[in-house]
Amino acid sequence: MKYLITTLFFSLLFGKIFSQTYTISGTVEDVKTGEKLLGANIYDELTYKGTVSNYYGFYSLTLPNGKIKFTVSYVGYQSIQKEFFLNSDTVINLSLNPSIELKEVLVLDNAKTQVKSTRMSVAEIPIQTIKSLPVLMGEVDIIKSIQLLPGVQSGGEGMSGLYVRGGGPDQNLILLDGVPVYNANHLFGFFSVFNADAVQSLSLVKGAFPARYGGRLSSVLDIKMKEGNNKEFKGEGSVGIISSKLTLEGPIVNDKTSFIISGRRTYIDILTQPIIKYTAKRNGYDKFVAGYYFYDLNAKINHKFSDKSRLYLSSYMGRDKAYNKIKDSDGGDSFENNMDLHWGNITTALRWNYIINNKLFSNTTLTYSEYNFLTGIEMLEKQTNPTSTEHFKVDYTSGIDDVAGKIDFDYIPNTNHYIRFGVNNIYHTFNPGVSAFKFSADEVSVDTTFGNNAIYSNEFAAYVEDDIKITGNLKANIGLHYSGFYVKDKFYHSIQPRLSVRYLINEKISVKAAYSQMNQYLLLLTNSSMSMPTDLWLPVTDNIKPQKSIQYALGTSYAVTDDINISVEGFYKEMTNLIEYKEGASFFSMTNDWEDKIIQGEGWSYGAEFFVQKKVGKTAGWIGYTLSWSNRRFEGVSFGEIYPYKYDRRHDISIVITHKLNDNIDFGLTWVYGTGNAITLATEQYVVKTDYGYEYVEHYEKRNGYRMAAYHRLDFSANFHKQKKWGKRTWSVGVYNAYNRQNPFFLGFEEDYGNNRRVLKQYSLFPIIPSISYSFVF
Amino acid sequence: MLIYLDMYKLLVKSFLLLLVFSSCSKIVDIDIPDNEKHIDVIGLMNSDSILKVNISKSVSILQSTEVSYFNNNSSNTSNIDFVSNATVKIYENNVYKDTLSFTEYGNYIANFKPVVGNTYKIEVDVPNCEQVDAENNIPEKVEILSIDTSNVSNDSFGDDEDILRCEITFSDPPDVENYYLLNVSGKITYSWYDEYDDSLYVMVDSSFIDFDTNDPIIDQDAKIDNAIIFNDDVINGKTYTLNIEIDKYYSDSTMLYFNLFSVSRDYYLYRKSISMQKYGGGPFTEAVTVYTNINNGVGIFAGTNKSTYSILARNTDYNY
C-alpha cells in the first residue's frame, strides 16, 4: 500500500502515469540575425500544453505520444506550425522570420501571454519602442524610457536614477548580461551608460521577484545585449547633438562565431578646444587645455561549438572624464598643473551554455565588474632664481571590484513543471577612499598613502524555483532564495521565500498574487540626490545591518483584445534597516568612521498601478498610472516621526504612443505627469553672530514637509526614414518639453531687495529643447 | 587632500549652478504656519572679558534678512527681534552666580569674567515662553609656538600674485579632543605723500584679514567669514605647522595678529554647520540644520580661549 502510494505520488509528480512521453527540444532564433529569442511560446495547439524559450533561446517540451500541432509564436515574428506524430525524442531548432507587416497581428495570443504568465510586477519594453521614443537632447536612453513605466520614477528632471515602488536608486540590481553595474550614470545622472544600439531586450522586475534574483530590495533591471549577427555583416550609427555612436556586428565564421562592437562618445570637449585655446593665449598661458567627455564601449563575441554548447564573452567599458592642463613659463621659471577627474565602470562576462540533455539546460558564468572614481592633481613648479623644483601629486581613488561565478540550471521535466536552480558567489573588494600623496621640493620629499583600508567580502546565494501547473487554471511559482554574506568576521544570512500565484478565470483574464522577501548587503553612501561619482558602495558591518524588504502584490491581467493588455496591481512593501546620513554629517571628512555617520530606519510604500499596453501594431505604446504613498522613519530625523520620502509621489501618469504612418515616417509622443516631490523648507530663521556681525540662518522643523508644484511635460519626435542602396538612413527631430512648462526643479527662499521681505523662488531646469540627429543602418 | 575633492566639488557646483541659473525661475506662494518662535541665545565666553550674551527671537522665514554687517551695535539691526525683557541667570559649577543686566540690542552682561575650567550654566526666562538653558566651559589655551613667514611670487593656485606664506606652529594636547578656530586680524597702516600740501598722511585701519589655505587638514567647507575651523583628528598630540597664505596687499606695513582659538566642541559644530548651510545646500543636498546646544531654543553658548601671535609685516617696495 505504501509502495503504491509512493509510486502514484512520484508518477503524478512527473506525469508519466498513463502514457509514454517524448521531449521536443531545441533553440529559437531570429532567422536574419541568429539572435536567440527569449520568451517565445512553444505549444501543442491541440492540447494547449506548452512552454517558453529561456534567456538563451532554449526550450524543452515534453508531451504524450500521439498527433500534435506544434506551434511557435513570438511578438513581432511570423508563427510556425507543424503537424506531426510524436513518437520519439526530437530536436527542432527554430528560425523565426520577423513580421514584415506590423499591421498584421500574426501573434494571436500576445496579450493573452501576459494573462497566462505567473509573472506579475514585471515590464518588458521592446527595444524598438525605446528607440522611437522622443528623448532629451536626442540621446536615446533606456533608463529614461523605464522611468515611463508605472511604479518607476526618476529622481528629478533629466536624471537617470530609478526609484521603484518607493525604493531608492541604490536598491536596483542592474544587470548587463548578468553582470551587476554599480554606477549606471554619466554626467551626474543626466545620461545612462547603456547604448541602446547594443541592447537586444530588457525587463524590469518591480516585485514578485523569482528566486533566481537577490541582493537588492526594489528592482531587477535585466539588460540583455545583442549577440551579434552571425549571418551577415551589419552596422548602425547615429550622429547627435551631444554624442555619436557606431555599432558594427557580423559573423567571424558564418553561423558559428559572431561579434558585436558598439561605441559612443560625446564631443563637447573637442568642439570647445579652439575657443579655450584662444582664450588661454589671450591670457598669456603657454598651454591651457580643459574639457569633459564620456564614452561607452560594448564588445561581445560568441561562438557556437555545437548545437549543445555555446560560449559568449562580453565586455563593457565606460568612462567620464573632466580634465584641465595648464602650462606657463616666465623667463626661466615654469609652472605646470594637471588635473584629472575620471570615473567609470568596466564589466566582463564569460558565459558557457551547455544543453546537458533535452530537459536540462545549464549556463555557467564568470564575471568581473569594476567601478572606480579617481581624482588626480599634479603640479610642477620650477624656479631659476633661486633654483628650486617643487613637485606635488595627489591621487584619490575609491570604488568597488567584483569577481563572481555562477551556475544556473533550467530543468523542464514536463509541461507541469519548469524548475530553475543555481548557485552564485561574488567576491567584493570595496575601496572606500585612499589618497596617495607625493611631494618633493629640492631636498625634501614626502610619499605617503592614507585613507581607508580596502574591505573584502563574500556574497553567496543559492536558489531553487519551480513554475508549477497545479490545475488547469492554477499556476504558481514557488521558490526559495538563500543568501549569505561574510565580511570582516561577521556573517549575515537569510532565507527568502518567494511565491507568486496565478489563477486563470478564463483565457482573457487572470488574478495574480505574490509574496517576496529581499535582502541587501550593500549600501550606497551618497551625499546628495544626484548620482555622484563619489557615491561610495560599502558592505554591511557589525553595526550596520543588511536592509530587508517584504513585498505583497495582488493584481489582475486582462487581455482586452488580441494585442491590448490591461493590468491592475496593488502592492505593499515594508523596508527595514534603510540607510540615512545623520543630520549634519559631512561626507568629505578625514575620519574613517563612516559607520558613525549613518543611522538605520524603516520605510513603507504602498499603492496601485494601472497599466494598459499594446506592444505591436501601427500604433503602439502604453498608458500607466500609479497611485502611491511612500514614507520613512528614522530616529533623530524630523523628531523621529514618520515623514514622507523625498520621492513620495501621489499620482504618476505616463502616456507613451508610437505611431507608424508609413514605411518612411513614424512618430513618438510621451506625456508625463507627477505630483510634486516632497521638499524640506524652513519655516523660520534666526541670527548667528560671526566676526562681521549678525547674519540670518534658516531653521527647519519637519523633513519633507512641503510639496513642489506638479510636474508635467510633453515630448514629441518624428523619424524620417529613407532606403538607400547601402542601407537605411533616418533623420530624427524632436522636442523636449513641447509646451515649455516651467517644471519645479528646486525651491529656495531669497531676499526680495527693495520690498523688505523674502520670497520663495522656484527654479526650473529644462525649457523647451529641440533636438536633431542623423542615424543609419547598413 | 581635501582640497582636491573640493576642487571637484567646485567643478560640480559650477556646472550645476550654470544649469540652474541659465534656466527660468519664478516666485511661488507658500503657506507658512504661524508657529511659536524660538529663543535664540548667543553667548561666547572667554576669560579676558565680562560674560555677555545676546538674546533674540526667531522670525518668519518670509521676513527680510537685511542686517547691518558693520559693527555689532549698529542701529541697522532693525530686522532682528531682540529680546529686552529676559531674565538671564548664570550658575558657576552648579552654584548660582549672577543675574545678567540688560544693556541694549538684546545684550545682557554679567559682573564677572568667566574662568577656565569652571562649568557655566545659563538659564533664560522670557515672559510667555518656555525656559531655555545651556551649559559649557572655556577650554584650555593652545599657544602658537612660532610663525614663519616668507614672500612668494606664486601661490599654489598658479595665479601670478605676491603673497605672504605663513607657517603657524602649535602643539596639540594629546588625551583631549581639541577644536580650533583660526583668524587673522590686522592693523594696516597706509601712508602716502601728498604733493600739493607737501605732507605725509598716515591712516590706520583695523580689520580682519582674508587668507587662503590648502593645508591638508582643513576642510574647505569649514572656512567662513575669514576664519577656519578644524579639529585634531589627524594631528592629535602632534606639533603641527599649518600653512596659510595672505595677499601681500594687506602687508603694506601691517601689524598682523594671528589668533588661534581653542574652542569647545559645541562651538565647532555650530560654526561648521553654519558654513555648511551657507555653502552647501542647493538642489542636490538635503538641508542642513545649524547645530545648537541651547535646550528648547537655538543658538550657542560656548567658550573660547585665544592665543595671539603678532608679526609686523613690512612691504619693502614702499619705503617712506
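Buried means under 20% relative accessible area, exposed means over 50%, and partly exposed lies in between (1.4 Å probe, protein chains only). The model is predicted, and local features need pLDDT of at least 70, side-chain atom pairs count only at pLDDT 80 or more, while totals for chains, interfaces and linings use all residues. Residues are numbered from 1 along each chain as its sequence is written, chains are lettered from A and ligands numbered from 1 in the order in which they are written, and side-chain values use heavy atoms, with hydrogens and water left out.

**View 1. Arg165(B) and Glu245(B) form a salt bridge in chain B.**
A salt bridge is a side-chain nitrogen of Lys or Arg within 4 Å of a carboxyl oxygen of Asp or Glu. Here the closest N and O atoms are 3.4 Å apart. The partners are 80 residues apart, Arg165(B) in strand E13 (residues 163-171) and Glu245(B) in strand E19 (residues 239-247); helices (H or I, at least four residues) and strands (E, at least two) are DSSP runs, numbered from the N terminus. Arg165(B) counts as partly exposed because its relative accessibility is 21%, whereas Glu245(B), at 9%, counts as buried.

**View 2. Glu609(A) and Lys206(A) meet in a salt bridge.**
Their N to O distance is 2.8 Å. Glu609(A) sits in strand E36 (residues 598-614) of chain A, and Lys206(A) in the loop between strand E16 (199-205) and strand E17 (219-225), 403 residues apart. Are these two residues buried or exposed? Both Glu609(A) and Lys206(A) are buried.

**View 3. Asp648(A) meets Arg650(A) in a salt bridge.**
The N to O distance is 3.0 Å. Asp648(A) counts as buried, at 2% relative accessibility, while Arg650(A), at 21%, counts as partly exposed.

**View 4. Leu149(A) belongs to the largest nonpolar core.**
A nonpolar core is a set of buried Ala, Val, Leu, Ile, Met, Phe, Trp, Tyr and Cys residues joined through side-chain atoms within 4.5 Å. This one has 79 residues, and Leu149(A) is one of those that touch the most other members, together with Ile146(A), Phe194(A), Leu202(A) and Leu221(A). Leaving aside neighbours within four places in sequence, Leu149(A) is in contact (heavy atoms within 4.5 Å) with Ala123(A), Ile125(A), Leu204(A), Phe611(A) and Trp622(A).

**View 5. Ser145(A) lies in helix H4 (residues 142-146) of chain A.**
Ser145(A) is buried, with a relative accessible area of 4%. Not counting residues up to four places away in sequence, Ser145(A) touches Ile125(A), Ile130(A), Leu133(A) and Trp622(A).
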